[in-house]
Amino acid sequence: MKPTNKLNKREIEKFAIEQQFYKEQGIDWGIVTEKQRDEVFIKNIEWLYNARYLEYFPSLNIRTVERVAPTLLTSIRKSKDPLALIALDCDSKFGFQDGSCLFIVKHMLANIFNQSNPRRLKCAKSRILVSDFIATEK
């Protein structure tokens, strides 16, 4: 997501290089600005963006995510409570600092699609489906 006021000649040149790289990888790629998406969508992407990388939450690693994810997802499925509250309860259950489980959920959502199977998380060996988070049409 790039604001139109940040699209200068150099940025567009860099995007052209990225576009060629992703084309060679068979990945559909394009520049998305605030003019193509609504404000809520943009805020949601911004909320998830840094969670794509575990480095932004140094106390977590992929092994921890894989260990915690099944319990966390079960808690989400079974509860009608807000996600933030469920995540805090799981933080307590696992002895994590507050915000850890919410970051794990954000991380899984931010990495939900991958090239080989668009309905699986790109989370190492995780076998978590999109439908674990959202309702899907049957």
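Visitor: What makes lysine 14 count as partly exposed?
Guide: Lysine 14 has 35% relative accessibility. Buried means under 20% relative accessible area and exposed over 50%, with partly exposed in between, using a 1.4 Å probe and protein chains only. Because 35% falls between those limits, lysine 14 is called partly exposed.

Visitor: And what should I know about where the values come from?
Guide: This is a predicted model, so local features need pLDDT of at least 70 and side-chain atom pairs count only at pLDDT 80 or more, while totals for chains, interfaces and linings use all residues. Residues are numbered from 1 along each chain as its sequence is written, and side-chain values use heavy atoms, with hydrogens and water left out.

Visitor: Why is the contact between lysine 14 and glutamate 11 called a salt bridge?
Guide: A salt bridge needs a side-chain nitrogen of Lys or Arg within 4 Å of a carboxyl oxygen of Asp or Glu. For lysine 14 and glutamate 11 the N to O distance is 3.4 Å, so the pair meets the definition. Both residues lie in helix H1, three residues apart, about one turn of the helix. Glutamate 11, at 15% relative accessibility, counts as buried.

Visitor: How many salt bridges does a search of the whole structure find?
Guide: It finds two. In the other, glutamate 13 pairs with arginine 10, with the closest N and O atoms 3.7 Å apart. Those two residues are also three apart in helix H1 (residues 9–24), which puts about one helical turn between them. Glutamate 13 is partly exposed at 37%, and arginine 10 is partly exposed at 49%.

Visitor: How many helices and strands does the protein chain have?
Guide: The chain has five helices and zero strands, and its elements run α-α-α-α-α from the N terminus on. Both kinds of element are DSSP runs numbered from the N terminus: helices are H or I with at least four residues, strands are E with at least two.

Visitor: What makes the largest nonpolar core a core, and which residues have the most contacts inside it?
Guide: A nonpolar core is a set of buried Ala, Val, Leu, Ile, Met, Phe, Trp, Tyr and Cys residues joined through side-chain atoms within 4.5 Å. The largest one here has 19 residues, and Leu72, Cys101, Ile104 and Met108 have the most contacts inside it. Helices H3 (62–78), H4 (83–94) and H5 (100–110) each give two or more residues to this core, with the largest share, six residues, coming from H3.

Visitor: Which residues does leucine 72 touch?
Guide: Leaving out residues up to four places away in sequence, leucine 72 touches Cys90, Cys101, Ile104, Val105 and Met108. Contact means heavy atoms within 4.5 Å.

Visitor: How do you know that H5 is mostly covered?
Guide: Eight of the 11 residues of H5 are buried, among them Cys101, Phe103, Ile104 and Lys106. The buried residues of H5 pack against helix H2 (39–49), H3 and H4. Across the chain of 138 residues, 29% count as buried.

Visitor: What makes the placement of lysine 106 and tryptophan 47 a charge over a ring?
Guide: The definition asks for NZ of Lys or CZ of Arg within 6 Å of the ring centre and within 35 degrees of the ring normal. Lysine 106 lies over the face of tryptophan 47, at 4.6 Å from the ring centre, so the distance is inside the limit.

Visitor: How many aromatic pairs does the structure hold?
Guide: There are four. One of them, phenylalanine 21 with tyrosine 22, is edge-to-face, at 5.1 Å centre to centre and 75° between the planes. Another joins tyrosine 53 and tyrosine 56, tilted, at 6.4 Å and 50°.

Visitor: Why do the two pairs get those labels?
Guide: Rings of Phe, Tyr and Trp (its six-membered ring) pair if their centres lie within 6.5 Å; planes under 30 degrees apart count as stacked, over 60 as edge-to-face and the rest as tilted.
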